[in-house]
Structures are given as C-alpha cells and as structure tokens.
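User: I would like to go through this structure and learn what the terms used for it mean. Please set each value against its definition.

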Amino acid sequence: MQDSKVLGIDIGGSGVKGGIVDVKKGKLKGERVRIPTPKSHDPKLIVDAVAQIAESFEWNGIMGCGFPGVIRSQVIETAANLGGKKIIGTNLAEQIGAACGCEAWIINDADAAGLAEIKYGAGKNCKGVVLMLTVGTGIGTALFTDGKLVPNLEFGHLRMRDKFTSKNVAAEKLYSDAARKNHDYTWRVWAERFNKYLQYVHSLCWPDLIIIGGGAASKSEKFMKYIDVDCDIVTAELENRAGIIGAAYMASKILKNRS
Ligand code: BGC
C-alpha cells in the first residue's frame, strides 16, 4: 500500500495545494492542504511553499507538481501567470527536490489535470481525441489521442482580438474565469463569449470529447446550458483534485520506473 502513495502538488496563481494520492485508485488519501501562493511570485518563495506542504505531511517519498507553464526536460519555459521572467529557465524539479529532500517531477498543470481525468475520471476509457480545458486564472489545455498526451499545448495563448481595445491578446485574458470576474460578466454573457472561443478551438483540433475543468467547472450549472459545440462536452469529475492527482500519477509513472 505504501508504494501506491505519492504526494501531489498543484501550484496555482492563488493557491498551492497538495495531498497524498493513492495512485492505484486515483484518490486523495485524507485532507487536501492549501496555502496562498506568495504574492511576489518569487520562485524561491514558491519552492518554500511546496516544501511547507511536504513538511505538513512529513513527506519524504516521491512527489509530482503541476505548474502553470510550459515544462521541457523539467525546466520552466513559460510562466504567464506565475513567476514571470524570474522563474523561466529554472529546473523546478531539482529545486523542489533539494528543498524537500525527495525526488520531484514537474508537469504542466493542465496536462496533470487532463491525465487524471483520462486515467480515473470523465475521460476514462475514451478513445479518439479528447481535449481538456482548465478554466481558472488562465486557460490550460491538455490534448489526448487514444489516451496519449500531446504535452504543453497552449490554446489559452491563441492570440485573439479584444473588441474593447482592438488589440490582439492571449485568449485566456478574454475568456478565462478570471476574465469573467474582472469584467464582472454575468454567467450568460461570459458563457456566450466562451462558447465562441470553444467553437474556434474545436475547429482547430476536432475533438470527440471536450472536458471542462478548473475553477469554472464547479459552477457548471451556471454556464453549460449556454454551451453548444459539435462534439460531446462534459465537466471534469475530479474537480479541484484533478491537478494534484494527475501530478502524483505522472511522478509515480516516471520516478518509480527509474528506481
Ligand atoms: C499557462 C498554461 C497553464 C494555464 C492554466 C496558462 O497561462 O500558460 O501553461 O496550463 O495557464 O494554469
């Protein structure tokens, strides 16, 4: 049993969340811990926040962390909403591993959430093309074909025209849950705007199934009735646990095979 436990962490724009995951079942064992993301987004403080969570579980096993940016060979390549330029080029896995005294694996946060849904949730046993979009501070993307992930896709960064400023901006600035709150849109207005974005994204990859996750997913009754795309569309089953569970699952797959 001990073997199937991995610490999963989800590093987000407003909170760093963690929990022990039973990767055989795809379930959290016990409580989820959340601490606010350091306001300065200083990389060292982000690492300290992760270490604080590991310490709260007295953890010294392997750990998987979702991070909101492109990750290649464990190095942060982009960080639009967290850490900015200061964190780019950082091998976050190494730094977290050193701070926590354990082996860590880093993965894009949406890829982590998508993997959890594919393995244990709304995308379980789905063949064909499955697209997961996490809608929160930003918009994260995870694309699967027959269960296999195409990593680091960034549909939240498609350049789209902001009709108020006539400037082209990242789609997530217009259609994320944070944009809904910033502009004080009603759910209906936001959903109709988001639906246009969904139709566009659909036309780029023609998924068989779209899974909507992230913060907005917990309010699905407010907006799903306005959504109309030419494929099946559902909300994430693992809710705000998906990022933690997927990061732990990936770490177990990669790090356990190494040792
Ligand atoms: C980042 C993505 C991330 C998404 C959700 C975007 O700004 O570029 O990598 O998955 O936010 O956190």
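**Terms and cut-offs**

Analyst: C205 is buried, since its relative accessible area is 16% and buried means under 20% (exposed is over 50%, partly exposed in between, with a 1.4 Å probe and protein chains only). This is a predicted model, in which local features need pLDDT of at least 70, side-chain atom pairs count only at pLDDT 80 or more, and totals for chains, interfaces and linings use all residues. Residues are numbered from 1 along each chain as its sequence is written, and side-chain values use heavy atoms, with hydrogens and water left out.

User: Is C231 buried or exposed?

Analyst: C231 has a relative accessible area of 16%. C231 is therefore buried.

User: Why is α4 called roughly perpendicular to α9?

Analyst: Two packed helices are described by the angle between their axes and the distance between the axes. The axes of α4 (residues 109-120) and α9 (residues 242-258) cross at roughly 85 degrees and come within 7 Å. Axes are lines fitted to C-alpha atoms, for helices over the stretch in contact, and angles run from 0 to 180 degrees between N-to-C directions. Under 35 degrees counts as roughly parallel, over 145 as roughly antiparallel, 65 to 115 as roughly perpendicular and the rest as oblique. That makes α4 roughly perpendicular to α9.

User: Which residues of α4 and α9 meet?

Analyst: Among them are L115 and Y120 in α4, and I245 and M250 in α9. Contact means heavy atoms within 4.5 Å.

User: What makes β10 and β14 edge strands?

Analyst: Helices (H or I, at least four residues) and strands (E, at least two) are DSSP runs, numbered from the N terminus. Two strands pair if DSSP finds at least two bridges between them. The open sheet has 5 strands in the order β10-β9-β8-β13-β14, with mixed pairing. β10 (148-150) and β14 (232-235) each pair on one side only, which puts them at the edges.

User: How many bridges join β9 to β10?

Analyst: β9 (residues 139-145) and β10 run antiparallel and are joined by 3 bridges. The definition asks for at least two. T145 stands opposite K148 in β10.
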